[in-house]
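This report describes one protein chain for a reader who has not seen it before. Please look through the sequence and the structure first.

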Amino acid sequence: MSSALPPKPRIIGPRVRVCIVAAKYNEQFADALVDNTVEELGELMPQTRVDIIRVPGAFEVPVTVANVLDRSESPPACVIALGVILKGATSHADLIAGSITQSLMAMAVQYKVPIIHEVLLVEDEKQAYARCIGSNLNRGREAARVAASMVDIFHEIERTMPRVISRNA
């Protein structure tokens, strides 16, 4: 795991839509993730429309992302999944985190839409604070930077390698 934020990518000019699906659970940390993501997106992608959907907990994030991607012929340019899972005395948190990771990756590949995974599994509130509220490891800002980079990469792919529609389809 990195110990610093990635560098800021170039500013994205074209108007696109980004959807944030964020858990409400562990509210103080989850809200900070959302706020930092939105603020950084505003700097990096000033023309971007940001839709925010809040769900009860981290487990509900993947099904909501799937619902968003299924609803439109014009899906968002990128989806950002946010949440905070605090480990407890059982393996429940690990099971939830693993299933979320697998679900988000499968959807990203299936829909060919970048899904930025920042549903964090942390040991304690100190780690949550460092990653959600602090400035050095802020995963909300990191999510926005990765989203901006992926939108830029996908636009470049579309520009230089347009889809060929098969006549046999």
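Which elements make a right-handed β-α-β unit? They are β3, α3 and β4. Right-handed means that, with the strands pointing away from the viewer, the path from the first strand over the helix to the second runs clockwise.

## Basis of the model

This is a predicted model, in which local features need pLDDT of at least 70 and side-chain atom pairs count only at pLDDT 80 or more, while totals for chains, interfaces and linings use all residues. Residues are numbered from 1 along each chain as its sequence is written, and side-chain values use heavy atoms, with hydrogens and water left out.

## Overall make-up

The protein chain has 5 helices and 4 strands (DSSP runs numbered from the N terminus, helices being H or I of at least four residues and strands E of at least two). Read from the N terminus, the order of elements is β-α-β-α-β-α-β-α-α.

Of the 169 residues in the chain, 43% are buried (buried is under 20% relative accessible area, exposed over 50%, partly exposed in between, with a 1.4 Å probe and protein chains only). Among contacts between residues at least 6 apart in sequence, 81% join residues at least 24 apart (a contact means heavy atoms within 4.5 Å).

## The sheet

The 4 strands form an open sheet in the order β2-β1-β3-β4, with parallel pairing (two strands pair if DSSP finds at least two bridges between them). β2 (49-55) and β4 (115-122) are at the edges and have a single partner strand each, so one side of each lacks a neighbour in the sheet. From one strand to the next, the twist averages 15° (axes are lines fitted to C-alpha atoms, for helices over the stretch in contact, and angles between N-to-C directions run from 0 to 180 degrees).

β1 (residues 17-23) pairs with β2 over 7 bridges, and Ala 22 stands opposite Arg 54 in β2. β1 is joined to β3 by 5 bridges; here Cys 19 has Val 79 in β3 as its bridge partner. β3 and β4 pair over 8 bridges, and Leu 86 has Val 122 in β4 as its bridge partner. β3 is largely enclosed by the rest of the structure, because 8 of its 9 residues are buried.

Helix α4 (residues 125-132) lies across β3 and β4, at about 150° to β4.

Leu 33 belongs to helix α1 (residues 27-44) and is buried, with a relative accessible area of 0%. Among the residues that Leu 33 touches are Leu 82, Val 84, Leu 120 and Arg 131. Leu 33 and Arg 131 are 98 residues apart in sequence, yet 8.3 Å apart in space, C-alpha to C-alpha.

## Annotated positions

In an unreviewed entry, the UniProt annotation "binding site" covers Ala 89, Thr 90 and Arg 131; UniProt positions are given in the numbering used here, feature names are shortened, and annotations may be inferred rather than shown by experiment. Of these residues, Ala 89 and Thr 90 are included in the lining of the second largest pocket (on a 1 Å grid over the protein atoms alone, a pocket is an open set of points where a 1.4 Å probe fits, with protein on both sides within 12 Å along at least five of seven lines; lining residues have an atom within 4 Å of a point).

Ala 89 is in the loop between β3 (78-86) and α3 (92-111), and Thr 90 is in the loop between β3 and α3. Ala 89 is exposed, with a relative accessible area of 88%. Thr 90 counts as exposed at 58%.

Notes: Lists of a residue's contacts leave out its neighbours within four places in sequence.
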